[in-house]
Amino acid sequence: MIAAGGEYLDLGLAALLVGAEEEQDVDVEAALETLDDLAESTEETLSGTTELQRVASLVERLFVREGFKGNKEDYGDPQYSYLHQVLKRKIGLPITLAILLIEVGRRVGIALHGVGFPTHFLVGITHQPGLYIDAFNQGRILTVDECKALLHVNTGGVLAFDPAYLNPTSTAEVLARVSRNLKTLYLRREAYDEALRASERIVMLTPGDWIEVRERGVIQFRRGAFGPAIIDLSTYLLEVPEA
């Protein structure tokens, strides 16, 4: 379904396919049309001559006029990790709202990219380095110093800021982070079949990440699939002998 290889990986389509793997009645084409419609209505109202003004206009359209917002009540519902559900409900997590913003932006000619900031996924403005969008909080614009303050608040000062935290995140890693979120949620529910599907996507998207192979082996063990569990755990020990 989704692979890490290749120069281009369609973020919106791939995010929709993640949801389609979990919910069988997902109309992927209709969801893509919704993204196209959002872009068309946005383009009609896009104003400003500078890139930052255009970004502000895009943010205003999605998070004020269209009413997309962050789900601050229930992080534990897996449906908020599915892009098609975000398009229906207009509520999502930082990463799914970021995907929405990036994909609508791409359709109207605004270059945005994912930023896998610890504890809170952000969006980078490709042609405005040093400025970031918090899609979860109505698209507010953050400076580097404000990102540092956000990390301090979210981690209680335990995690020191590293400039690399603000580097662009590849499409494959964005999708892997969505799947990690889902894996965690499903493990809490002891929904091991669903957790396994998320784990398999992560392994596929992050080749060479042997910790993820080990995690998949643990999930297989919990499912009672001891053969696949032994294979994954043995592979991990072979590739990481010092473990």
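Analyst: Let us begin with the salt bridge, which is defined as a side-chain nitrogen of Lys or Arg within 4 Å of a carboxyl oxygen of Asp or Glu. Glu173, Arg180, Lys183, Glu212, Arg214 and Glu215 are linked in a network of such salt bridges, and a search of the whole structure finds 20 salt bridges. This is a predicted model, in which local features need pLDDT of at least 70 and side-chain atom pairs count only at pLDDT 80 or more, while totals for chains, interfaces and linings use all residues. Residues are numbered from 1 along each chain as its sequence is written, and side-chain values use heavy atoms, with hydrogens and water left out.

User: What makes the pair Arg180 and Glu212 a salt bridge?

Analyst: The N to O distance between the side chains of Arg180 and Glu212 is 3.1 Å, and the cut-off is 4 Å, so the pair qualifies. Helices here are DSSP runs of H or I with at least four residues, and strands are runs of E with at least two, numbered from the N terminus.

User: How do you know that the span of helix 9 agrees with its number of residues?

Analyst: The expected span is 1.5 Å times one less than the number of residues. Helix 9 has 14 residues (210-223) and should therefore span 20 Å, and its end C-alpha atoms are 20 Å apart, which agrees.

User: Why are the buried residues of helix 9 said to line one face?

Analyst: The buried residues are Glu212, Val213, Arg216, Gly217, Ile219 and Gln220. Seen down the axis of helix 9, they fall within an arc of 160°, so they line one face of the helix; the arc is that of the directions from the helix axis to the C-beta atoms. What covers these residues includes helix 7 (171-188), helix 8 (192-205) and helix 10 (226-239), where contact means heavy atoms within 4.5 Å.

User: What makes a set of residues a nonpolar core?

Analyst: Such a core is a set of buried Ala, Val, Leu, Ile, Met, Phe, Trp, Tyr and Cys residues joined through side-chain atoms within 4.5 Å. The largest one holds 54 residues, of which Phe68, Leu100, Leu101 and Leu112 touch the most other members. Helix 5 (residues 94-107) gives the most to this core, with eight residues. A second, separate core of nine residues includes Val115, Tyr132, Leu142 and Leu151.

User: Why does Glu66 count as buried?

Analyst: Glu66 has a relative accessibility of 18%, and therefore counts as buried. Leaving aside neighbours within four places in sequence, Glu66 is in contact with Leu38, Ser41, Arg61 and Lys90.

How values were computed. Buried means under 20% relative accessible area, exposed over 50%, partly exposed in between (1.4 Å probe, protein chains only).
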